[in-house]
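Grab a pencil and work through these exercises with the structure open beside you. Try each task before you read its solution.

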Amino acid sequence: MATSREVSLRSYRLFAARDPRALIGIDPQGAWTQRDLLELMAQKCGVSADPRHTDGPDVIDPDRTLTALDAFAGRLAAAARRREAVLIGTGHPHRLLGFYAGIADALSAAGCAVLTPAQGRCVDITTRFGLRTYNLAYVRGVALMREPGAERPGCEPGAHTHSPLPVRTALAAAADAGGPLPDLVIGDHGWVCGAGQLGFEAIGLADTDDPALFVGQAEGTVSVVVPLDDAVRSAYYRPLTRYVLKRACLSQ
């Protein structure tokens, strides 16, 4: 897989130190040492629990991914039956936009309201390059962050971000407008953690270097987390989209 063991372990160290770059919106209740996180990720993803294993590619157990995908699909099926309002957002638009857009299309066809609050709103996010201002945009019902002026044809679809600020902005805008508020938030990174921490039910995808989502799941803040490599070509996620929609009885 694309994520290295070194990157994963660095994320666990940062999370254990309560670094906001690794917390991405979660305020953990437990102490969560680096060893605790390694054991959790071994249980949820299938990574090696051996702290002496410090380099090379990390691993995800495909059986754990399939089990979580079934739970993810089950929650989508329930949302469709109840015609719930959903908010979908991604910090990985280059890779995962197609996956989420397929879900948005299917839920919309099933009668769910796919919300798009705070369209065009500016969000200031601290990055390793300093403070950057992005615009909150929606593509096929999926929220993502864009640099100002990046809407021109041929530009990249959006910015990679772990920040919970976009979902906080979207939820605040929905509340200020008098609703509707989402019954379910779907996404990754800060979209899931930020929404879950605010009390919204959230489900999503996470790589081995994203311990915050799995901690949120362990503590009851996040409902479902699917362990997968989030940095491969976007076309590789098409079978996952078909699988999830079929399991949720949402195939079109």
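**Exercise 1. Is His189 buried or exposed, and what is its phi?**

Step 1: check the accessibility. His189 has a relative accessible area of 1%, so it is buried. Here, buried means under 20% relative accessible area, exposed over 50%, and partly exposed in between, with a 1.4 Å probe and protein chains only.

Step 2: His189 belongs to helix 7, residues 189–197. Helices (H or I, at least four residues) and strands (E, at least two) are DSSP runs, numbered from the N terminus.

Step 3: look at the backbone. Though not a glycine, His189 has a positive phi of about 45°. Most residues other than glycine have a negative phi, and most peptide bonds are trans.

A word on what you're looking at: this is a predicted model, where local features need pLDDT of at least 70, side-chain atom pairs count only at pLDDT 80 or more, and totals for chains, interfaces and linings use all residues. Residues are numbered from 1 along each chain as its sequence is written, and side-chain values use heavy atoms, leaving out hydrogens and water.

**Exercise 2. Where is Pro182, and which residues does it touch?**

Step 1: locate it. Pro182 sits in the loop between helix 6 (165–176) and strand 6.

Step 2: check burial. Its relative accessible area is 8%, so Pro182 is buried.

Step 3: list the contacts (heavy atoms within 4.5 Å). Not counting residues up to four places away in sequence, Pro182 touches Ala85, Val86, Leu87, Leu115, Leu171 and Phe200.

Step 4: look at another proline. Pro180 is found in the loop between helix 6 and strand 6 too, and the peptide bond from Gly179 to Pro180 is cis, with omega near 5°.

**Exercise 3. Compare the span of helix 4 with the expected value, then find what covers its buried residues.**

Step 1: take the span. Helix 4 (residues 62–82) has 21 residues and reaches 30 Å from its first C-alpha to its last, close to the 30 Å expected at 1.5 Å a residue. That expected span is 1.5 Å times one less than the number of residues.

Step 2: find buried positions. Among them are Thr65, Leu69, Phe72 and Leu76.

Step 3: find the cover. It includes helix 5 (93–109), strand 6 (184–188), strand 7 (202–206), strand 8 (224–227) and helix 9 (238–247).

Step 4: inspect the ends. At the start of helix 4, a side-chain oxygen of Asp61 comes within 3.0 Å of the backbone nitrogen of Asp63. Just after the helix, Arg83 takes a positive phi of about 50°.

**Exercise 4. How many residues does the largest nonpolar core have?**

Step 1: know the term. A nonpolar core is a set of buried Ala, Val, Leu, Ile, Met, Phe, Trp, Tyr and Cys residues joined through side-chain atoms within 4.5 Å.

Step 2: read off the size. The largest has 44 residues, and Phe15, Leu87 and Leu136 have the most contacts inside it. Helix 3 (residues 34–45) gives the largest share, six residues.

Step 3: look for another. Apart from that core lies one of 35 residues, including Leu69, Leu184, Leu228 and Ala248.

**Exercise 5. How many disulfides are there?**

Step 1: apply the cut-off. A disulfide is a pair of cysteine sulfur atoms within 2.5 Å.

Step 2: check Cys193. Its closest cysteine sulfur, in Cys45, is 13 Å away, too far for a bond.

Step 3: check Cys249. Its closest cysteine sulfur, in Cys112, is 14 Å away, also too far for a bond.

Step 4: conclude. The structure holds zero disulfides.

Conventions
A polar contact is a pair of N or O atoms within 3.5 Å; within protein, one must be able to donate a hydrogen and the other to accept it, and residues adjacent in sequence count only if both atoms are side-chain atoms.
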